[in-house]
Amino acid sequence: MIKRSLFNEEHDAFRDMVRKFIDKEIAPHHAQWEHDGLVPRSLWLKAGAAGMLCCTVPPEYGGAGADYLFDVVVFEEMARSGFSGPGFMIHCDLVATYIKSFGTEAQKRQWLPKMVTGEAIGSLGMTEPHAGSDLKAIRTKAVRDGEDYVISGQKVFISNGQCCDVIVLATKTDSAAGAKGVTLFLVDTSLPGFRRGKNLHKLGMKAQDTSELFFDEVRVPATAMLGEEGKGFELMMTKLAQERLAQAIRSATVAETVIDYTVEYTANRKAFGKTIADFQNTQFKLAELKTEAVVGRQFTDKCIESFMAGELDAVDAAMAKMWLSNMHCKVVDECLQLFGGWGYMWEYPIARAYADARIVKIAGGSIEVMKHIIGRQIFAQYKPSRDTGTGVAGINPA
Ligand SMILES: Cc1cc2nc3c(=O)[nH]c(=O)nc-3n(C[C@H](O)[C@H](O)[C@H](O)COP(=O)(O)OP(=O)(O)OC[C@H]3O[C@@H](n4cnc5c(N)ncnc54)[C@H](O)[C@@H]3O)c2cc1C
């Protein structure tokens, strides 16, 4: 089997610590959190104290200044555990990254130290009831009033929405300017006029809160703007590759883990006097799935390397997200089949993995949007070399 070569001994030691943390602080409580639809703030504080939040934040803002692989270890171990409640990935990989990359010195000092300790929880507010894939169609508006902006509007499907203290919020400062009218703000959720709506009931990821959020003339100082006015869409585009890579990392890890559960289950479950693993169908199925998981892991690791070298482009990230999401959903579906009826029971991790999986083809850019990005680039690079006379330019009929 091809070995992974990304991690060193420090990452391995950190991984051991993260696994122990999950066993002690998350595993015993996750079923209750699924029931509550929410992870308690005390877990965030414990994760912060253990050094698991926002590992790449520089020491001057309270972080460890570690390399991206430490964040990767946390994402992988959370995915491997099957406990999808804690929304660490959005907090660390998205919100902290936006602030680190685009924030002013004052914004970094205000939010990053508290995000590292878990005292402040971050969320990303882009989607609205009528605008998801087409983000430039958002309607939440921010209107300049003296030294402030006044924000009015609504968001939906916001992960960490029930517990967040700071939102990277996409607004329109010029409703006629399309993408060029989008501006980001860092909104403190203690401000008057901010209101959390329902914690939405979901098919999966039941312990992770996902909310409606309302902004009723929330007055923020102009200094809460993230980046420049009208540049919000551009900023979001620059961070999408990182978000999509994180999702691919999760998918690669879940696929491997689910295959492991299935090997164990089928090697022990009997039917017709044999184990389920003795059937050729089981071996062939797992042979196919394992091969796809190994291929997916290699591509994901290559993308991590490219990202760390500053070379991961939007198309590579879209390919990783699209392919790994499809593979993830296929693996959980086909593995569940090998569990028979027990695979449909919530107590079995495979059932939760199945329910949790479906979102990966939708959130953070749907499969169809990924195909657009990839397809656009294929044709952007294509230049007809000559007219072949067949009506199909550039294709040699000979
Ligand atoms: C559990 C969960 C967590 C989420 N967390 C967050 C969060 O933290 N922050 C946030 O801002 N958002 C979040 N989202 C929102 C998520 O990013 C959106 O649901 C996603 O972008 C799709 O938007 P939509 O739901 O409006 O679907 P639509 O955009 O209405 O799409 C509907 C269907 O049409 C397809 N489609 C759309 N445009 C095209 C096109 N041009 N060509 C072909 N097909 C197309 C889509 O692929 C999809 O299949 C979350 C969603 C869920 C369910």
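1. A search of the whole structure, which is a predicted model, finds 23 salt bridges. The points below take up several of these pairs, then a surface patch, a strand pairing and some backbone angles.

2. One of the salt bridges joins the side chains of Arg 15 and Glu 77, with an N to O distance of 2.6 Å. The pair links distant parts of the chain, since Arg 15 belongs to helix α1 (residues 9–26) and Glu 77 to helix α4, 62 residues apart. Arg 15 has a relative accessibility of 10% and therefore counts as buried. Glu 77 is likewise assigned as buried, because its relative accessible area is 3%.

3. A further salt bridge is formed by the side chains of Lys 24 and Glu 25, at 3.3 Å from N to O. The two residues fall into separate accessibility classes: Lys 24 counts as exposed at 57% relative accessibility, whereas Glu 25 is buried with a relative accessible area of 13%. The cut-offs behind these assignments are under 20% for buried and over 50% for exposed.

4. Lys 155 and Glu 128 also form a salt bridge, their closest N and O atoms lying 2.9 Å apart. This pair, too, links distant parts of the chain: Lys 155 is in strand β3, and Glu 128 is in the loop between β1 (122–125) and β2, 27 residues apart. Lys 155 counts as buried because its relative accessibility is 0%. For Glu 128 the value is 3%, so this residue counts as buried as well.

5. Glu 9, Glu 10, Asp 12, Asp 16 and Asp 67 form a negative surface patch. Of these residues, Asp 67 is located in the loop between α3 (41–49) and α4 (68–81). Asp 67 has a relative accessible area of 31% and is therefore partly exposed.

6. Strands β2 (residues 141–145) and β3 (residues 148–159) pair in the antiparallel sense, over five bridges. Within this pairing, Lys 141 has Ser 152 of β3 as its bridge partner. The hairpin of β2 and β3 has two residues between the strands, and Gly 146 in this hairpin takes a positive phi near 65°.

7. Which residues other than glycine also deserve a check of phi? Asn 160 has a positive phi, near 65°, and Met 205 has a positive phi of about 45°. Most residues other than glycine have a negative phi.

8. Asn 160 is found in the loop between β3 and β4 (166–172). This residue counts as buried because its relative accessibility is 1%. Met 205 is placed in the loop between β6 (194–199) and β7 (210–221). At 12% relative accessibility, Met 205 falls under the 20% limit and so counts as buried.

Key:
Residues are numbered from 1 along each chain as its sequence is written. This is a predicted model: local features need pLDDT of at least 70, side-chain atom pairs count only at pLDDT 80 or more; totals for chains, interfaces and linings use all residues. Side-chain values use heavy atoms; hydrogens and water are left out. Patches are made of residues with over 30% relative accessible area and no salt bridge: like charges are joined within 9 Å, nonpolar side chains (Val, Leu, Ile, Met, Phe, Trp, Tyr) within 5 Å. Accessible areas come from the Shrake-Rupley method with a 1.4 Å probe; for residues, only the protein chains shown count as cover. A salt bridge is a side-chain nitrogen of Lys or Arg within 4 Å of a carboxyl oxygen of Asp or Glu. Lys and Arg count as positive and Asp and Glu as negative; His and the chain ends are not counted. The place of a charge is taken as NZ of Lys, CZ of Arg, CG of Asp or CD of Glu. Helices (H or I, at least four residues) and strands (E, at least two) are DSSP runs, numbered from the N terminus. Buried means under 20% relative accessible area, exposed over 50%, partly exposed in between (1.4 Å probe, protein chains only). Two strands pair if DSSP finds at least two bridges between them.
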